Amino acid sequence: MWKAAVQECCHAQQTGSGVRRHDLQPFAVLHKAAVSLQGKSVMKLAAPSLQNDYYTNVLDCSCTGMVALALGSSVHLWNSETQTLVGCLSPQTGRLRHQSVSSLCWSREGSALCVGTRQGEIQVNSTEVSERADGENCVTQAVVKGKLCPAKWNCLLNQQDDSLWYACLCDSFSCGMLKRIRILGVYRHTCLWSEPFPGNNTYSAGAAVQKAGICSLQWSPCDDWLASGSTDGVLHIWDRDIARLTRLKMPVTTMTQPSAVKAMGWCPWRRKTVASGGGWKDGELRIWDTQSGTCVTSISTNSQICSLRWAEAKRYLVTGHGLPHHQVICWNSEFPSLSPVYQFTGHSQRVLHLALNPDCTQVFSAGVDQCCHIWGL
């Protein structure tokens, strides 16, 4: 159910220093810089009840500047242009009410938000707010039901035309310990008032199997390759044929690193180039040539890399880290070298999630300290 933001939400500094973090409204302002400076914190916001789970992906910013952040079972929408909380998607009844969100992502054109829960539900939400006959706002929702791999799944969404989305899921395969990537076709409909789609509105478009739990997924910028990272440190590249039920799918290229491939992303301006970050036993930032399957360059960060984003307009690579400094680092990616440009410090615990505004002038980071920072680039 769509809920508009409560307008009487006040800034944290107006409520006194004794306010507990859990009592704060999502995106309540904890600190705001008097002057916005490049390389500095612009704003510090509250993110109460943010899960301390390395394998979740609960922060994303659309091409229109709408920030989505999942806290518990609700997804809160914040307009980065107006710096206002717009509202939230929050299940009010049924099983979804107690299902925490483990993954979300915007479609590329910014009109749809794909949300997945830890217990195995996926929703495709149109964020075009309309008014019902009774005067209440609503948001179009489609609910696709399936049993997904708890706590270690990801979702992504790309729109094929005006009526069809492809939703990409990870779930448990029925044989042994194998995991699979499952591609679903989801038909776009009018407002359904949070009711689930009938079975004939979704269909299985393809599937592929790999051995370990899948913790990251991303289509390449041109939608011709799909990268999947797993908990055993394997990075697979699949061709576009993965979305067709034609034959048993095999990866085009396979690369490995010593730790789980959770932080991973395609370079927007260099075709067939992927970056991956190592966990706390590794801490290596790597750039891969997916055509040859080789590591082009790498650099040790001496810390867990929890999240990773490319800033196309700035030609930067941005990483979020755990111990020892819980920092956000912007790298100048002049291939084949990597050099740090900015190191943002302000989080007191690991930085699990990153997002960028459309023109890449701001980095959004969310940490286990239940704070969200906005950094100027």
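Contact here means heavy atoms within 4.5 Å. This is a predicted model, where local features need pLDDT of at least 70, side-chain atom pairs count only at pLDDT 80 or more, and totals for chains, interfaces and linings use all residues. Residues are numbered from 1 along each chain as its sequence is written, and side-chain values use heavy atoms, with hydrogens and water left out.

**View 1. His-347 and the residues it touches.** His-347 sits in the loop between S27 and strand S28 (351–356); strands (E, at least two residues) are DSSP runs, numbered from the N terminus. Setting aside residues up to four places away in sequence, His-347 touches His-325, His-326, Ser-365, Ala-366, Gly-367, Asp-369, Cys-371, His-373 and Trp-375. Two of these also come up as polar contacts, meaning a pair of N or O atoms within 3.5 Å; within protein, one must be able to donate a hydrogen and the other to accept it, and residues adjacent in sequence count only if both atoms are side-chain atoms. The side chain of His-347 makes one with the side chain of Ser-365 at 2.8 Å, and another, of 3.2 Å, joins the side chains of His-347 and Asp-369. Is His-347 buried or exposed? His-347 counts as buried because its relative accessibility is 6%, and buried means under 20% relative accessible area, with exposed over 50% and partly exposed in between (1.4 Å probe, protein chains only).

**View 2. The sheet S24-S25-S26-S27.** Here 4 strands make an open sheet in that order, with antiparallel pairing; two strands pair if DSSP finds at least two bridges between them. The edge strands, S24 (305–311) and S27 (339–344), each pair on one side only. On average, neighbouring strands of this sheet are turned by 20 degrees against each other, direction ignored; the axes are lines fitted to C-alpha atoms, and angles run from 0 to 180 degrees between N-to-C directions. Between S25 (residues 316–321) and S26 (residues 328–332) there are 5 bridges, and Val-318 stands opposite Cys-330 in S26.

**View 3. The sheet S20-S21-S22-S23.** Another open sheet has 4 strands in this order, again paired antiparallel. Strand S20 (263–266) and strand S23 (294–300) stand at the edges with a single partner strand each, so one side of each has no neighbour in the sheet. Neighbouring strands are turned by 15 degrees against each other on average, direction ignored. Look for the 4 bridges joining S20 to S21 (residues 273–277); Gly-265 has Ala-275 in S21 as its bridge partner.

**View 4. The hairpin of S6 and S7.** Strands S6 (residues 74–79) and S7 (residues 84–89) run antiparallel, joined by 5 bridges. Trp-78 has Leu-85 in S7 as its bridge partner. The hairpin has 4 residues between its strands, and Gln-83 in the turn has a positive phi of about 55 degrees.

**View 5. The nonpolar cores.** A nonpolar core is a set of buried Ala, Val, Leu, Ile, Met, Phe, Trp, Tyr and Cys residues joined through side-chain atoms within 4.5 Å. The largest has 31 residues, and Leu-45, Leu-69, Val-75, Trp-78, Leu-113 and Phe-364 have the most contacts inside it. Strand S5 (residues 66–71) gives the largest share of this core, 6 residues. Apart from it lies another core of 14 residues, including Cys-330 and Phe-344.
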